[in-house]
Amino acid sequence: MVQKYQSPVRVYKHPFELVMAAYERRFPTCHLIPMFVDSDVISEETSEDRSFHKIERRCKLDVDAPRLLKRIAGVDYVYFIQKNSLNHRERTLHIESHNETFSNRVIIHELCCYSVHPENEEWTCFEQSASLDIKSFFGFESTVEKIAMKQYASSIKKGKEIIEYYLRELEEEGITYVPRWSPCPPSPTKPVVPVVIPALPITPTISIEAPPESVNEIQVCKEGSSPTGSLNDALVASPDDKLDADYIKRYLGDLTPLQESCLIRLRRWLQETHKGKIPKDEHILRFLRARDFNIDKAREILCQSLTWRKQHQVDYLLDTWSSPQVLHDYYTGGWHHHDKDGRPLYILRLGHMDTKGLVRALGEESLLRHVLSINEEGLRRCEENTKVFGRPISCWTCLVDLEGLNMRHLWRPGVKALLRIIEVVEANYPETLGRLLILRAPRVFPVLWTLVSPFIDENTRKKFLIYAGNDYQGPGGLVDYIDKEIIPDFLGGECMCEVPEGGLVPKSLYRTAEELENDEIRLWTETIYQSASIFKGAPHELLIEIIDASSVITWDFDVCKGDVIFNIYHSKRAPQPPRKDPLATHGITSPAGNNVQLIDKSWLLGQDYSMVESPLTCKEGESVQGSHVTRWPGFYILQWRFHSMPACATTNLPRVDDVLATLQVSSHKCKVMYYTEVLGSEDFSSVPEE
């Protein structure tokens, strides 16, 4: 598996020329980088006006690896080739490096770029990306990968410290300014010595030998266009797409270099593929943390959550959801100041809550909506506290008072509602609970805990602190986590708490099962989107009848799982009633009741129906919007079908997606969520041009 790394933008608040002077101090030797042994210049060239300098070096490294592994590999040192391109005119340094040793077994490639800050020409930016692909290494592939990634992460973290060390050294010597390059005639007596900085290879940091010229003789000049072509394109993107290292530390916290890389890569993937609302960086980070920074796993659950949020319009919940009066009166939970870490504090007096009465009066879905609004409010409060306290706050603390908890709270429908709420919150708000303080746990609590704990993520369970009786009042109790001044009065503190005391919900507020069912249908169908599953050989098709030839069909859909191909067809004939179970004839019951097919197998493309748009391949996680201006009246069919690789060109075998799936259908499934609309000619004034 290829390991990749992408750094955030690291900013030195010093001019480019001064940073280059600091780099030069690292050569020919650097006591801060003992791994670097030696380097030889392979080739070197300088432009006529001395504005551009290119140098290639062979670097010798003493890799920190077990002696046994070195003996098995038959080497004591590892060699890298570095190609450095310094452009004084543009004030950029581009570096490309790759391994020479074991290049047929291990492929290491790194790109680095130093450039002027886009908003402040007196600052310098640094970026780097790298990849590691271990094809084979005497059976020690996993060990070599761990060693390489560990040393690379260590070198990245230390790299900035080394530059800052030499910047301080220059300042102590009185060197705080280095002039830029200017297009002056070349001196026949004393050539200008360009500063060439080697890259940091995938293993340790490297220091490269450089000519011992005076720092004051370094010359650089104005910005322009880089002659390095593809190397520059690979590293430099729009400033809006980048994350600054200082921003990460200020708003997201201390992350390791590899964690920063995971965040940047997942964020970039969303920007490139997800056309809907991009979540905030702290929210992306929560999903990465929930999956131990496994990008593939985090991407999967994040895409599912984004689809869920869009389908149920959760982004607008705080503006649109109005809690029923019964919740204001009998739901015993509310926000209450913050804990000692600055996290928002939510208090829930579960023992005083009439869960049966709330479920009977409101229904499970209304309770779920209320809990979702609490979580959305928690996200908002975390952002506010981050600004107030000047440090990253991405989660909240929950205090649960169980005084009064008894067997009444184990009412089966109530427990079922609780488990459903836990399931939804765990899936869509990971890593939002920083600490859970459970106070005054009674004897019945172990029974409730046995029921709900299997549904709670293991990382979340580690954040639970449980106190029986009055244990919370002693050392290690509430005062360790909450300031004494804000401990609620009902827990022995002096602070008045506005959380409702609860009580039994009057039975006059209970509603019938039919009334609750109708309300729940209304709550969770307040969305213009529909869902459909797609299988190999079983596409999903939607029929739209057009009367006015000058109409516009618009669509908006998300690909929740798998890759699909989207087509639009036209037919003068009305399709037969939809077939909803195309697998039944093969003795298989389709697991998706919302899969509809309209195009009859006997229809011929080009004769019975025609394609009016080129097929569009849509990848998993993509959000697709588009429109089509109709040319003829009749029947238009929008089709989503499973996308698979074409058949081998050397055979006459049919494509896999043209063959009806058999027993493997359940593992070859895609899912889309879509919305379509037809606008007549009278609506054209409101339709944007394509």
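This is a predicted model: local features need pLDDT of at least 70, side-chain atom pairs count only at pLDDT 80 or more; totals for chains, interfaces and linings use all residues.
Contact here means heavy atoms within 4.5 Å. Residues are numbered from 1 along each chain as its sequence is written, and side-chain values use heavy atoms, with hydrogens and water left out.

Start with Leu491. It sits in the loop between β13 (464-468) and α16 (513-524). Helices (H or I, at least four residues) and strands (E, at least two) are DSSP runs, numbered from the N terminus. Leaving aside residues up to four places away in sequence, Leu491 touches several residues, including Asp401, Arg440 and Gln473. Leu491 is buried because its relative accessible area is 4%. Buried means under 20%, exposed over 50%, partly exposed in between (1.4 Å probe, protein chains only).

Now, what do the side chains of Asp401 and Arg440 form? They meet in a salt bridge, 2.8 Å from N to O. The rule: a side-chain nitrogen of Lys or Arg within 4 Å of a carboxyl oxygen of Asp or Glu. Asp401 is in strand β11 and Arg440 in strand β12 (residues 433-441), so the pair ties together parts 39 residues apart in sequence. Both residues are buried.

Next pair. Asp354 and Arg408 also form a salt bridge, at 3.8 Å, N to O. They are 54 residues apart. Asp354 is buried at 5%, while Arg408 is partly exposed at 34%.

By this rule, the count comes to 28 salt bridges.
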